[in-house]
Structures are given as structure tokens and as C-alpha cells.
Amino acid sequence: MSEYEHEIDLQALFADDLPPRHDPDFDAGVMRRIARRRLVLELAWGGLMAAVSALILWALGPVLEPVVKPLGQAVLYVAPFVTVVAVALFLIHPRTALV
Amino acid sequence: MLPSPEGACDAALLQRAKAGSATAFSALVQRHQQAVRAFARRMGGDLVEADDLAQEAFVTAWSRLAHVDVQASFRAWVCGIVYRKALTSRRGVLRGMGRDGAYVETRGWEVGGAIEPAAKTALRRAMGELPTDQRAAVALCLAADFSHGEAAEALNLPLGTVKSHVNRGRAKLLELMGGRDV
């Protein structure tokens, strides 16, 4: 067999030995992994923002206390609504809600 | 109005993917999965490991979209990720591929063709005997339709080195498969 025929053989062998052009399972696998990675990143981002917020509130506590204390009972009525809005914003668009 | 993902060129899809379009990225995955999977499989390991590597490479590409040039070759970029992951893999994808002849017989590549399985097995076994860089260059330039420049970009090697790897790799394959050395 000539060198040229070997070359043809190699290319034919390679061409005959390919995975399918399109495998929906493979696509789904990639997109599933991306969704999982995105969720982990968003949870990590949310956790980081929550920790930073808590730290800021703790640091500002002595300053905020005299302002918040007189509001007293009113804060208790408003807080649940603020929480619901914050959670809704987080669910709709986590980064916008947290930044 | 944006063109459909099927009709858009890679640069347009990459631009849209960079802007956050999962549909555009999915279209890129669909378009290039065969080349990336074939490359991962030719780099070694069994079918499941190779597909796992290819999927991880696409996920890594997604996570680094902000850093990619939209004019760059997407498939070369992802194959480059496969190559670097394979090099650093602890799963033994590369190590011992040549020694472990069993893997080639157990691989279940989906597309059967006119060529008899024994010939394919011989080719895979011969590929396993090549040094990693040569195997990668051969897998891109001979087994796929990458240009030498595109392969050099993917493997982050000088163009001359890639050409040399392809020539030597081809000669070695022919020798191992019973042909004359060129």
C-alpha cells in the first residue's frame, strides 16, 4: 500500500470514528451543569452580600439605635412587608436586589 | 431583530452569550459539540470520562465568556480548555493511555461506519502511543479539520511546533499501523 493510500486510510478512519453531530443528552448535560454552577454562584453571592450587610448593620448599630428605637412598634408592622419585598426582588433578580 | 441561533455566525452567538444569552451559548454547544467531544475522546480515557471532560470544558468556557474575544475561534478555545484540563486531570485520562490497551476495545463510539471495528481499534491504539502534544495536534489537524494556526491557538503552541507534531504524529501512526514511515 502506498504512502498516499495510507493517508487516505487515516482520514477515512478518523472520519468514520466520530461521535454524533448532535446529541441532545450532551446539550442537556452541559446546560444542566451551567444551571448548577450559576445557582452555586448566586447563592455564594447572596451569602456574601448577606454577611456584608449584617456586618455593616452591626458596625452601625450604635448610630442607628437612637434613630430606630423611637419608631418602636411601627417598625414591627413595616418589617414583614419590607422582608417580603426584599425576598421577591431576590427571587426575580438576585444581583439587582442585593446590590 | 436578532437572527435565529441556527443562522447566526459564531461571533454573533458569542457576543450574545457574553451578554447573558443561554440560548446563544446552547447553540454554540450544539454547533461544536462533535468537534469537542471527538477531541476529548482522542485525547484518551473512556467514553464517559471524555464526555465528562468535554462538558466541563463547555462549562468552563461559559464561566470565562467575559474574557474571550468574540472574533476568536470558539471551537479552538474550547478544545484548548479540554487540552489543558486533560493535561492536569487526575483521572488518568492521559497517563498510561498507551499502555492500557484495554480501553480501546471497550469504548463505545456511537457512529458506526463502513470501516471495520478492528481498524478503528488499531487507530485508537496507535493514537494512544503518541506523545500527548503530538496526539493533540494529530487529533485536531488530521482527525478534525482544524488548520495548523487554529490548532496552534488551541494548544498554545508555536505554529512550527504544531506542524512538526502533525508530521511526526502522522508518520508514527502510519508506522504503528503497518505503513511506511514518511
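In chain B, residues 24 or more positions apart account for 61% of the contacts with a separation of 6 or more. Contact here means heavy atoms within 4.5 Å. The model is predicted: local features need pLDDT of at least 70, side-chain atom pairs count only at pLDDT 80 or more, and totals for chains, interfaces and linings use all residues. Residues are numbered from 1 along each chain as its sequence is written, chains are lettered from A and ligands numbered from 1 in the order in which they are written, and side-chain values use heavy atoms, with hydrogens and water left out.

The secondary structure of chain B consists of 9 helices and 0 strands. Helices (H or I, at least four residues) and strands (E, at least two) are DSSP runs, numbered from the N terminus. Along the sequence, chain B reads α-α-α-α-α-α-α-α-α. Of its 182 residues, 52% count as buried. Buried means under 20% relative accessible area, exposed means over 50%, and partly exposed lies in between (1.4 Å probe, protein chains only). The accessible surface of chain B is about 8100 Å². Carbon and sulfur atoms hold 51% of that surface. Such areas come from the Shrake-Rupley method with a 1.4 Å probe; for residues, only the protein chains shown count as cover.

Chain A has 4 helices and 0 strands. Its pattern along the sequence is α-α-α-α. Chain A has 99 residues, and 19% of them count as buried. It exposes about 7300 Å². Carbon and sulfur atoms supply 73% of this area.

Two helix pairs join the chains. Axes are lines fitted to C-alpha atoms, for helices over the stretch in contact, and angles run from 0 to 180 degrees between N-to-C directions. Angles under 35 degrees count as roughly parallel, over 145 as roughly antiparallel, 65 to 115 as roughly perpendicular and the rest as oblique. The crossing of α2(A) and α3(B) is right-handed. A crossing is right-handed if the near helix is turned clockwise from the far one by less than a right angle, and left-handed if anticlockwise. The residues of α2(A) in this contact include D25(A), F26(A), R33(A) and L41(A). Among their partners in α3(B) are D51(B), F58(B), V59(B) and W62(B). The residues of the contact of α2(A) with α3(B) divide into 8 nonpolar, 3 polar and 7 charged. Ala, Val, Leu, Ile, Met, Phe, Trp, Tyr, Cys and Pro count as nonpolar, Asp, Glu, Lys and Arg as charged, and the others, Gly among them, as polar.

Helix α2(A) also meets α2(B). The axes of these two helices come within 10 Å and cross at roughly 130 degrees. The helices α2(A) and α2(B) are therefore oblique to each other. Their crossing is right-handed. On the chain A side, the contact holds F26(A), D27(A), V30(A), M31(A) and I34(A). On the chain B side, the residues include A22(B), F25(B), V29(B) and R37(B). By class, the contact of α2(A) with α2(B) has 7 nonpolar, 3 polar and 2 charged residues.

Within chain B, the buried residues of α1(B) are A11(B), L13(B), L14(B), R16(B) and A17(B). They pack against α2 and α4 (74-88) of chain B. Before α1 of chain B lies A8(B). A8(B) counts as buried, at 4% relative accessibility. A8(B) and L155(B) are 147 residues apart in sequence and 26 Å apart in space, C-alpha to C-alpha.

The loop between α1 (10-18) and α2 (22-43) of chain B holds A19(B). A19(B) is exposed, with a relative accessible area of 70%. Just after α1(B), G20(B) takes a positive phi of about 110 degrees.

E129(B) belongs to helix α6 (residues 117-129) of chain B. It is partly exposed, with a relative accessible area of 40%. E129(B) and K172(B) are 43 residues apart along the chain, and their C-alpha atoms are separated by 8.7 Å.

Most residues other than glycine have a negative phi. N156(B), a residue other than glycine, has a positive phi near 55 degrees. N156(B) is found in the loop between α8 (148-155) and α9 (159-176) of chain B. N156(B) is exposed, with a relative accessible area of 66%.
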